[in-house]
Amino acid sequence: MCGRYAASRRPEDLAGVFEIERWEPEETLEPDYNVAPTKEVYAVLDRPLKDADDKRPVRQLRKLKWGLVPSWSKTPEGGARMINARAETVHEKPSYRRAFTTRRCVLPADGYYEWVTGVQERDLEVEGKKKRPRKQPYFVLPADGSVFAMAGLYEFWRDRTLPDDHPQAWWATCSVITTEAETSPLAVAPAEGPHALADIHPRMPLMLTPDRWDAWLDPARTDADDLRSLLAPPPPGLMRAYPVSTAVSNVRNNGPELLKELEGPEEGTLF
């Protein structure tokens, strides 16, 4: 899954990486080292500009809220639970299938956090123990330091309780597509702990390599079977993972220190 990630790159840097044609300076977000559901995040998408005579798709950097709200929802309350869409079923689930064929985006990140799901924890859950063990968080990122481009979907939702000219009349929301975690060895693994992403968690965000960005963002591609071919996992051996402080587990903590690599798992945590 993807429940937390880091995104510190400036719009100017993302514009060069993704060949952005349009972004609004007033929508600039501060670097966020602990992005949590319902926060505003950057998304790269191809879409005609509003009220423009030229209807060609324009590559834009837009600000969206993480937690997808389908256009047909009566209320936005379920958005916080719809932060992830499974690659295996995204084409058929009512909440995602329309966005999958018409509204796809790339969510740029430095990397994502994942808390290890270990054997001890699973055993305690099976036994019905109330006290859950303290889980060690890991930061997962491209080994070469490039942008971690997550496949995403976006939607627009109209709040019918507000007038058309109200600034919050329209919600723009998004979801991260996830896939099975890699079982192949990490490009760089911690000396102590997991050696593959699947050792940390059974799911991971679907990373899109640059050769797939144009096809994924192209709004002219609407055939579900054709699009499903783009959901193949990236080549193995591109990622690294390392343990970070359990401070990231508190959403109120935010700063570059959260990305600091620890020499090993913190005392008292799994792994």
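Which residues do ring pairs link into a cluster? In this predicted model, the cluster joined by ring pairs consists of Y113, W115, F139 and Y242. Rings of Phe, Tyr and Trp (its six-membered ring) are taken to pair if their centres lie within 6.5 Å, with planes under 30 degrees apart counted as stacked, over 60 as edge-to-face and the rest as tilted. Nine aromatic pairs are present in the structure.

Residues are numbered from 1 along each chain as its sequence is written, and side-chain values use heavy atoms, without hydrogens and water. Because the model is predicted, local features need pLDDT of at least 70 and side-chain atom pairs count only at pLDDT 80 or more, whereas totals for chains, interfaces and linings use all residues.

The protein contains five helices and 13 strands; helices (H or I, at least four residues) and strands (E, at least two) are DSSP runs, numbered from the N terminus. Its C-alpha atoms occupy a box of roughly 60 × 40 × 35 Å along the principal axes. The accessible surface comes to about 13700 Å², and 49% of it belongs to carbon and sulfur atoms (Shrake-Rupley method with a 1.4 Å probe; for residues, only the protein chains shown count as cover). Of the 271 residues, 49% are buried, where buried means under 20% relative accessible area, exposed over 50%, and partly exposed in between (1.4 Å probe, protein chains only). Among contacts (heavy atoms within 4.5 Å) with a separation of 6 or more, 73% involve residues 24 or more positions apart.

A nonpolar core is a set of buried Ala, Val, Leu, Ile, Met, Phe, Trp, Tyr and Cys residues joined through side-chain atoms within 4.5 Å. The largest such core has 31 residues, and F18, V106, L153, I177, W216 and L231 have the most contacts inside it. Two or more residues are given to this core by each of α1 (11-18), β4 (40-47), α2 (97-102), β10 (148-158) and α4 (213-217). The largest share, four residues, comes from α4. A second, separate core has 30 residues, including L64, Y154, M204 and M207.

Beyond its neighbours within four places in sequence, W216 is in contact with F100, R104, C105, V106, A151, G152, L153, I177, L208, L230 and L231. R104 also lies over the face of W216, at 5.6 Å from the ring centre. K65 is placed over the face of W171, at 4.3 Å from the ring centre. A charge sits over a ring if NZ of Lys or CZ of Arg is within 6 Å of the ring centre and within 35 degrees of the ring normal.

R59 belongs to strand β5 (residues 58-66) and counts as buried because its relative accessibility is 9%. Apart from neighbours within four places in sequence, its contacts are F18, E19, I20, E21, R22, V44, L45, D46, D214 and L217. E19 lies in the loop between α1 and β2 (22-23) and is exposed, with a relative accessible area of 60%. Although E19 is not a glycine, its phi is positive, at about 55°. A positive phi, near 80°, is also found in T38, a residue other than glycine. T38 is located in the loop between β3 (32-35) and β4, and at 43% relative accessibility T38 counts as partly exposed.
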